[in-house]
Amino acid sequence: MAIRIGIAGIAGRMGRLLAEETLAAGAVLAGGTRRQAGAAGELPAPVLPDIDALFAASDVVIDFTHASTAATHAEAAAAAGKPFVLGTSGLSAAQEAAVAAAAQRVPIVYAANFAPGVNLVLAIAERMAAALPAGQYDAEIVEMHHRQKVDAPSGTAVALGRAVARGRGTTLEEAGVESGRDGHTGARQTGTIGFAALRGGQVVGEHTLLFAAGSEHIALTHRSFDRRVYATGAVRAALWLQGRVPGLYDMKHVLGMG
Ligand SMILES: NC(=O)C1=CN([C@@H]2O[C@H](COP(=O)(O)OP(=O)(O)OC[C@H]3O[C@@H](n4cnc5c(N)ncnc54)[C@H](OP(=O)(O)O)[C@@H]3O)[C@@H](O)[C@H]2O)C=CC1
Ligand SMILES: O=C(O)C1=N[C@H](C(=O)O)C[C@H](O)C1
């Protein structure tokens with residue numbers, strides 16, 4: 001029997017593509033949620049009253065909505081005993097902890113970016129950071145997105161920062177972050193990881209990791225031209241989750257890179 005996929009945030013930029021990719025994969029589109037239930041419009045599936053109703057109607061739920069919903073949605077997955085794919089960015093440490101707690105009861109794929117190329121870049125970034133001494137190579141991450149994006153830095157930029165920190169044998173929190181520089185900031189602190197976020201137009205997603213030393217720069221850039229790449233990856237993750245044991249997975253596991 002075909003797997004039933006539910007889409008939280010089905011009317012959003014990602015939600016609409018997720019619905020299309022669900023059907024393209026031969027799965028059943030079980031329904032979706034919006035902030036206000038019932039506002040179906042021209043959507044290809046019913047808008048259900050809430051996240052619990054969506055889990056009840058689905059074998060797996062994919063969620064690209066807003067950070068404020070992440071903990072509640074992950075807890076709903078655990079309560080329903082159903083797998084969950086989470087693509088929402090901008091989660092706080094407490095919201096990420098709630099997702100990790102739910103993943104002790106059900107399998108969850110939580111990924112900053114579902115594009116295969118980005119996940120390759122994340123792996124390379126970690127290796128580059130391990131090879132380039134932090135005292136000589138300043139790591140700076142620049143991202144640009146469409147004007148509607150509500151969180152900064154992007155989830156992918158944070159994932160890149162975490163990859164660099166891991167490569168350097170530390171964490172983002174311990175290494176220290178420099179972001180939003182403005183005014184008399186003082187000189188750059190050695191070993192910190194810098195972030196800059198640009199917003200404008202309809203840019204789907206661009207990320208550059210720069211290692212800047214005194215006599216050379218190395219830049220690693222990824223550009224997405226169509227957000228369908230994220231939707232295809234998320235549906236792939238939803239199918240991959242079937243029959244998995246509880247745990248917190250990310251896209252490298254789905255892609256066999258973990
Ligand atoms: N991991 C990845 O690969 C990617 C992640 N993203 C992330 O996905 C998220 C959504 O992006 P995008 O589709 O562009 O955003 P949109 O604003 O286009 O869509 C958001 C959807 O979520 C719903 N929503 C928003 N707030 C709430 C809330 N408080 N409770 C319930 N539902 C809510 C909206 O409902 P309504 O219809 O009522 O407005 C809408 O359907 C962002 O966090 C973004 O960064 C995006 C692309 C790729
Ligand atoms: O909001 C977006 O559009 C995107 N969000 C994700 C992020 O925050 O990294 C992934 C992608 O960059 C598009």
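Predicted model: local features only at pLDDT ≥ 70, side-chain atom pairs only at ≥ 80, totals over all residues.
Mentor: Local features here need pLDDT of at least 70 and side-chain atom pairs count only at pLDDT 80 or more, while totals for chains, interfaces and linings use all residues. Residues are numbered from 1 along each chain as its sequence is written, and chains are lettered from A and ligands numbered from 1 in the order in which they are written.

Trainee: Why is His 145 called buried?

Mentor: A residue is buried if 20 or more other C-beta atoms, placed from the backbone, lie within 10 Å of its own, exposed if 12 or fewer, and partly exposed in between. His 145 has 26 within 10 Å, so it is buried.

Trainee: What makes Lys 149 partly exposed?

Mentor: Lys 149 has 17 C-beta neighbours inside 10 Å, which lies between those cut-offs, so it counts as partly exposed. UniProt lists both His 145 and Lys 149 under "active site" in an unreviewed entry, and such annotations may be inferred rather than shown by experiment.

Trainee: And Gly 155 and Thr 156, are they buried or partly exposed?

Mentor: Gly 155 has 19 such neighbours and is partly exposed, whereas Thr 156 has 25 and is buried.

Trainee: How do you know where ligand 2 lies relative to domain 1 and domain 2?

Mentor: Domain 1 (4–114 + 227–254) and domain 2 (116–224) both give residues to its shell, so ligand 2 lies between them. Those bounds come from an automatic or database domain assignment. A residue is near the ligand if its C-beta atom, placed from the backbone, lies within 6 Å of it; among the residues around ligand 2 are Ser 89, His 145, Lys 149 and Gly 205.
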